[in-house]
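Here are my notes on the model you sent over. Have the structure open while you read, and follow the points in order.

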Amino acid sequence: MTKAVCPGSFDPVTNGHLDVIERAARMFDEVTVAVLRNPSKSSRFTLEERKDMIARSVAHLPNVRVDVFDGLLVKYAQQIGAQVVVRGLRAISDFDIEFQMAATNRKLNSEIETVFMMTDTRYAFLSSSLVRELAAFGGDITKMVPEPVLKYFSR
């Protein structure tokens with residue numbers, strides 16, 4: 001059984017994230033969407049809210065679960081038995097930082113592979129920070145995030 005982990009802050013989860021998660025769910029036996037607990041980063045949504053948004057957004061995927069982690073990703077992946085880290089790429093600009101992280105993770109644990117997956121071109125422009133900014137100014141984000149996320153912006 002091949003297990004994969006899709007890590008991120010998901011503040012909030014977007015349709016671009018969901019695209020990568022759904023495709024990873026078709027490729028791997030089990031996928032854990034791992035929400036990073038990062039106390040040095042201020043988030044718009046609480047950890048529990050982000051976990052709930054994702055869980056509701058992936059409810060149609062029986063082989064996907066949602067969890068929270070902190071610390072080193074490779075240690076977390078090892079703890080849950082994941083052999084693969086799935087990272088979404090929107091544009092070539094994402095590749096530099098993702099390549100550095102993948103190389104570092106490989107140095108820390110060469111048994112865990114990183115797979116880069118391009119998001120659908122419909123979502124190449126999309127980021128969580130863009131969604132938060134648009135929503136703050138009253139912009140329409142209905143086509144940018146899964147339906148369960150919308151209720152969190154109407155609070």
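This is a predicted model: local features need pLDDT of at least 70, side-chain atom pairs count only at pLDDT 80 or more; totals for chains, interfaces and linings use all residues.

1. Five strands make up an open sheet, ordered 3-2-1-4-5, with parallel pairing. Strand 3 and strand 5 (113-118) are at the edges with a single partner strand each, so one side of each has no neighbour in the sheet. On average, neighbouring strands are turned by 30° against each other, direction ignored.

2. For a closer look at one pairing, go to strand 1 (residues 3-8) and strand 4 (residues 84-89), which pair in the parallel sense over two bridges. Val5 has Val85 as its bridge partner in strand 4.

3. Helix 1 lies across strand 1, strand 2, strand 3, strand 4 and strand 5, and runs at about 125° to strand 5.

4. Which residues of helix 2 (residues 47-57) are buried? They are Leu47, Glu49, Arg50, Met53, Ile54 and Ser57. These cover an arc of only 170° around the axis, which puts them on the same side of helix 2. What they pack against is helix 1 (15-27), strand 2 (30-36), strand 3 (64-69) and helix 6 (147-153).

5. Setting aside neighbours within four places in sequence, Asn105 is in contact with Leu73 and Val74.

6. The salt bridge count comes to 10. One of them joins Asp11 and Arg132, whose closest N and O atoms are 3.6 Å apart. Asp11 is in the loop between strand 1 and helix 1, while Arg132 is in helix 5 (residues 128-136), so the pair ties together parts 121 residues apart in sequence. Asp11 is buried at 5% relative accessible area, whereas Arg132 is partly exposed at 28%.

7. Last, there is a network of salt bridges linking Glu30, Arg65 and Asp67. Within it, the side chains of Arg65 and Asp67 meet at 3.9 Å, N to O. Arg65 counts as partly exposed, with 34% relative accessibility.

Definitions and conventions: Residues are numbered from 1 along each chain as its sequence is written. Side-chain values use heavy atoms; hydrogens and water are left out. Buried means under 20% relative accessible area, exposed over 50%, partly exposed in between (1.4 Å probe, protein chains only). Helices (H or I, at least four residues) and strands (E, at least two) are DSSP runs, numbered from the N terminus. The arc is that of the directions from the helix axis to the C-beta atoms. Contact means heavy atoms within 4.5 Å. Two strands pair if DSSP finds at least two bridges between them. Axes are lines fitted to C-alpha atoms, for helices over the stretch in contact, and angles run from 0 to 180 degrees between N-to-C directions. A salt bridge is a side-chain nitrogen of Lys or Arg within 4 Å of a carboxyl oxygen of Asp or Glu.
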